[in-house]
Amino acid sequence: MAFVQFSQVSLAFGDRDILKNVSVNLQSGTKAALTGANGAGKSTLIKVMAGLVQPDDGKRIAEKGARVAYLPQSGLTHHGCTIREEADKAFQFGYDLQKELDEIGDKLKENTDDQAELLERHDKIINELEDSGWNRRNVLAEQVLIGLGFKQEDLDRNCEEFSGGWQMRIALAKSLMVNPDILLLDEPTNYLDIDAREWLETFLGNFKGGFLLVSHDRYFLDHTINEVYELFNGDLKKYSGNFSHYEKVREVELETLMREYEKQQAEIQHLQEFIDRFGVKATKAAQAQERQKQLDKILENEIVIPETMKKIHFKFPAAPHSGRLVVTLEGITKSYDGQRKVIDNLDLVLENGDRLVVAGHNGAGKSTLLRIIAGVDPNFEGNVKLGAGVSIGYFSQDNAESLKGSQTVLEAIEAEAPLELIPKVRDMLGAFLFRGDDVFKKIDMLSGGEKSRVALLKLLLRPVNLLILDEPTNHLDMHSKDVLLQALKDFGGTVIFVSHDRGFIEDLSTRVLELTPGAFRIFPGDYKYYMQRLEDEKNGVVGEFNAGTAVPKAADKAQKESVATAAKAVSASKMSWEEQKKAEAERRKAEKAVAAIEAEIEKAEKAKAEAENKMADPEVYSNGEKAKAVQKEINELSEKLEELNLQWMEAEEKLEALS
């Protein structure tokens, strides 16, 4: 079994410890995520694992011949050849083995004394090439590239014709084609649409090697990994289960820590107030000095809470009142070349409170439609009618890049914030990843991603009632997405949006507009309903509602939606009161079972941590019998945790089935 092992690895940048005695073992079958706050050192740790950064201390041990593939967050470009030719470079290891095979063949002709060794090596190379997929490399390259969104005709185009995001897709494809033993992926989903993410989920599900990845897409993580490593203050801790399970367990752990943190912060504030108030008075100087000593001692052991676990709640300005009808689209048609119609005769009516997600493959016209509704693109046929009192707020990556000025980030946001939100500005900036001194950065000095976050926050602070958002979750981490999601769910107006984050779409959307080249359909349910309809259609199941390629007019639409609502009511009425009562009792029982297992997991993890702390005690590790007993306890607790996590996953699945 191939592996890469890291033992007691430490790394510091100046006086800051990035990694402190970190140990981790990656092997075939590992399906792990690496999480932690921005700046925690996740990318640095992955580079250490890839052998690109040397730690200050500790060991990196890799099985001889183990292939490790690493994909950074960004910055990779390809030029001077076609995509197909660039992809073939991923198989260089095979060309090297083939060359060695040819050399062995030449030596075998010479009848040397090492014939047996040469023949053994010859057979080993043949098997290695076969296992790696070398003989199917051309087919494999096409499958991976097309799976990640490239068209067949793209494969013979020059790499330099593609944008930065597509360049990273080429790099990701090459990492996957290598068929490595260990795969290290730093935010691979950043440049992928939903279709490409789903393809990557499937690929990783079938991947025989081990992988560790960083991603801010909770849905993607829940469907690809079964263990989580959290990096916090230089320490690395492992959690079994998917990402949602990790968050639940971590939240329970942090409840006690948060209480201690709040108590300590209150004590710090009390001491600081005394020092500030009486420090200059001669009669109180001695007492102030004593308080300063107490404060210094507390600060030496100050409790730190991960930024990602701090709950930030605030509401954006209330949406101004508008009429029931917000937007009416009539016969919207758009063509860039005068021949191929990106959008063809689209009719749509949006009402107040709708949260419409526009879905479709790349090039289907999603961003084009948003620009038309926002009034940014006037070159189209048809009519866009806004309802009474409708005011639009529009966000896209393009208008974010237009931000300029010598203002600081803090000044720019305070200038936009209503008076009642001024006290919350620092919290809001923290939620959008501007923490500490970051708030004093000049707008002109910000990166593209930072400008995007500033532009989005500025927009959300304006009193509008129709938000049009094109990829608002780009450049946000998971915590920021959660804050944005809650704010949009609390928003009293109407939202039209495009996103490639499946979890975000499922939680926010109430209707789906599907765009395909020259056609469209509207689905009156949320995104889960839409995906179920697509699955049903694939399996030949026809539902009661089918919009075809035309969207119903307002009256027809209301009739269709009332039919759908009635159908749901009929379905619900089929269950008797007794059956409903029984189902509710079963659901409550399942909830209690999940809660009980989670409590057991917390108890076992606490006991394991205490046992591991004992092992660090010189009185224990220097005494063979004591060390053996403690290690036995740790092993038993580890086995118990594995069993409990399996029980939790089964109980959670049962609860989901009953919900």
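First, the cut-off I need: I call a residue buried when its relative accessible area is under 20%, exposed when that is over 50%, and partly exposed in between. I also keep in mind that this is a predicted model.

**Entry 1: Glu514**

I started with Glu514, which sits in strand 17, residues 511-516. Is Glu514 buried or exposed? Its relative accessible area is 10%, so I log Glu514 as buried, given that buried means under 20%. Next I looked for a polar partner of the Glu514 side chain, and I found Tyr530: a polar contact of 2.8 Å joins the two side chains. Then I listed what Glu514 touches, skipping residues up to four places away in sequence. The list reads Ala359, Ala519, Phe520, Arg521, Phe523, Tyr530 and Leu534.

**Entry 2: salt bridges**

Side chains of opposite charge can pair when their charged atoms come close. How many salt bridges does the count come to? I get 30.

Arg84 and Asp156 meet through their side chains at 3.1 Å, N to O. This pair links distant parts of the chain, 72 residues apart: Arg84 is in helix 2 (residues 83-88), while Asp156 is in the loop between helix 5 (137-147) and helix 6. Arg84 has 33% relative accessibility, so I note Arg84 as partly exposed.

Asp344 and Lys341 form another salt bridge, at 3.8 Å, N to O. Both ends go down as partly exposed: Asp344 is at 28% relative accessibility, and Lys341 has a relative accessible area of 40%.

For Glu450 and Lys441 I read 2.7 Å, N to O.

**Entry 3: cavities**

I searched the whole structure and got four cavities of 30 Å³ or more. I wrote up two.

The largest cavity has a volume of about 70 Å³. What lines the largest cavity? I have Phe316, Pro317, Leu459, Leu460, Arg462, Val464, Leu467, Ala487, Leu488 and Phe491. Helix 15 (448-460) and helix 16 (478-490) each supply at least two residues of that lining. By class, the lining has nine nonpolar residues, no polar ones and one charged.

The second largest cavity comes out at about 60 Å³. Its lining holds Leu71, Pro72, Gln73, Met168, Arg169, Leu172, Asp186, Glu187, Pro188, Tyr191 and Leu192. Which helix gives the most to the lining of the second largest cavity? I find helix 6 (residues 164-177), with three residues. I sorted this lining by class too, and the tally is seven nonpolar, one polar and three charged residues.

How values were computed:
Residues numbered from 1 in each chain as written. Predicted model: local features only at pLDDT ≥ 70, side-chain atom pairs only at ≥ 80, totals over all residues. Heavy atoms only, no water. 1 Å grid on protein atoms, 1.4 Å probe; cavity = no way out; pocket = protein on both sides within 12 Å on 5 of 7 lines; lining within 4 Å. Points joined across faces, edges and corners; volume = space filled by probe spheres on them. Helix = DSSP H or I, 4+ residues; strand = E, 2+ residues; numbered from the N terminus. Nonpolar A, V, L, I, M, F, W, Y, C, P; charged D, E, K, R; others polar. Salt bridge = Lys/Arg side-chain N within 4 Å of Asp/Glu carboxyl O. Buried < 20%, exposed > 50% of the residue type's maximum accessible area, 1.4 Å probe, protein only. Polar contact = N/O pair within 3.5 Å; in protein donor to acceptor, adjacent residues only side chain to side chain. Contact = heavy atoms within 4.5 Å.
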